[in-house]
Amino acid sequence: MGHSGLMFDVCVVGLGPAGRGLAHRCTTAGLRVAVVDPRPDRLWAPTYGAWTDELPDWVPSQVVAVEVAKPIVYTPNLRIVDRPYAMLDKAELFKTLTLDGATVYADRAVDITPDTVRLAGGTEIAARVVIDARGLPAPGKRPAAWAHGIFVDADVAAPFVPPGECVLIDWRLQNGTTNADPPSFLYAVPIGDGTVLFEEVCQGIPGGLSQTELRRRVISRLEANGVHLNGEEEAESCHYALDQAPPPIRHKGEVFPYGARGGLMHPCTGYSAAHSLRMADRVVEAILSDTDPARALWTTRARLVYWMRMRGLAGIGRLTNDQSAATFDSFFRAPLRQQQALLSEHEDVVGIGSVLVNTVHHTWPFRWRFDLVGWTHRKRWVRN
């Protein structure tokens with residue numbers, strides 16, 4: 001077995017936005033960094049969106065491809081969210097997250113321990129801190145997000161999503177379903193390359209929906225709003241688990257998981273990229289001070305916020321279309337600070353507690369609250 005011949009401060013395995021962002025901040029702080037990825041120069045496939053205020057200060061403005069000042073939500077009532085939303089330019093973000101000074105291993109990790117990484121080619125890398133940022137495997141029957149998106153020319157999409165607008169969530173029953181079907185919503189955003197992404201999303205339901213069904217629902221919505229496809233549009237599909245827990249409290253001396261693998265995938269929204277970038281410096285500070293990065297990142301308050309978000313995910317995963325719409329309508333009538341607590345803030349226990357209680361309290365009809373909190377229909381969409 002070969003050895004790298006060096007002892008690194010940090011070895012980051014996996015170069016998605018979370019891993020590459022953390023490695024970038026480690027090198028910026030002067031740490032000796034090794035990174036491992038079979039294809040370190042490959043640009044990421046998914047599209048990435050974020051609330052603009054989620055992005056850390058060190059991310060330059062050119063990373064934002066499109067910014068919409070006031071996104072729209074249909075519940076089916078029209079709700080306007082007074083908080084700027086951004087679609088990220090993947091190529092610019094990739095260029096921003098430089099790995100200057102890092103030692104790059106274009107190989108696959110086959111064995112990871114708290115202080116070594118063994119590669120398929122036989123090399124063994126020694127590091128003071130090993131970080132696993134490889135993302136998550138296929139979700140199987142776990143609560144997950146399942147999505148299918150179609151990229152439509154902006155001029156063709158304009159009757160549905162005019163220039164300067166985006167639809168974060170659309171619960172209107174224009175996707176050819178009824179309350180007897182597992183629910184899904186539409187996410188429609190300009191990408192910045194002259195197209196608008198129309199993506200049907202099924203969230204929190206174990207097993208989710210097939211790509212064929214999700215695509216059928218997207219096309220149904222487009223046709224209902226006067227948008228007709230020519231059959232040559234590009235598409236994207238994705239599915240990922242939403243219930244990946246943070247590392248345990250007694251973590252010191254173990255491999256540190258980061259990004260989606262380490263609990264930074266938001267259980268209720270499926271977002272992780274911007275939050276992972278924002279938390280990177282906290283991890284770097286822990287490594288510089290030789291303290292446990294898991295303890296520094298996952299404080300008691302942060303763990304409590306995660307636990308409450310998981311309660312929200314469980315509620316979302318057992319509702320009908322109409323119940324989902326009513327619940328989201330209640331949520332988007334809450335004060336912006338409470339919305340931010342659930343959608344973005346890492347440790348705002350009071351804010352997220354308030355908005356969860358208020359959302360349940362203002363969901364109507366009253367009997368639907370029993371489904372939301374799990375007193376009834378706890379396994380409504382669970383397949384045998």
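This is a predicted model: local features need pLDDT of at least 70, side-chain atom pairs count only at pLDDT 80 or more; totals for chains, interfaces and linings use all residues.
Local features need pLDDT of at least 70 and side-chain atom pairs count only at pLDDT 80 or more, while totals for chains, interfaces and linings use all residues. Residues are numbered from 1 along each chain as its sequence is written, and side-chain values use heavy atoms, with hydrogens and water left out.

**View 1. The second largest pocket and its lining.** Here a pocket is an open set of points on a 1 Å grid over the protein atoms alone, where a 1.4 Å probe fits, with protein on both sides within 12 Å along at least five of seven lines. The space in this second largest pocket is about 280 Å³, counted as the space filled by probe spheres set on the points. Its 18 lining residues (an atom within 4 Å of a point) include Thr47, Lys90, Phe151, Ile191 and Asp193, which lie nearest the centre. By type, the lining holds 10 nonpolar, 3 polar and 5 charged residues, with Gly counted as polar.

View 2. For cysteine 26, the nearest cysteine sulfur belongs to cysteine 11, 11 Å away. Cysteine 166 has its closest cysteine sulfur in cysteine 238, at 17 Å, so a bond is out of reach.

**View 3. Serine 272 in its loop.** Serine 272 sits between β17 (256-257) and α5 (273-288), where strands are DSSP runs of E, at least two residues, and helices runs of H or I, at least four. Beyond its neighbours within four places in sequence, serine 272 is in contact (heavy atoms within 4.5 Å) with Leu264 and Met265.

Notes:
A disulfide is a pair of cysteine sulfur atoms within 2.5 Å.
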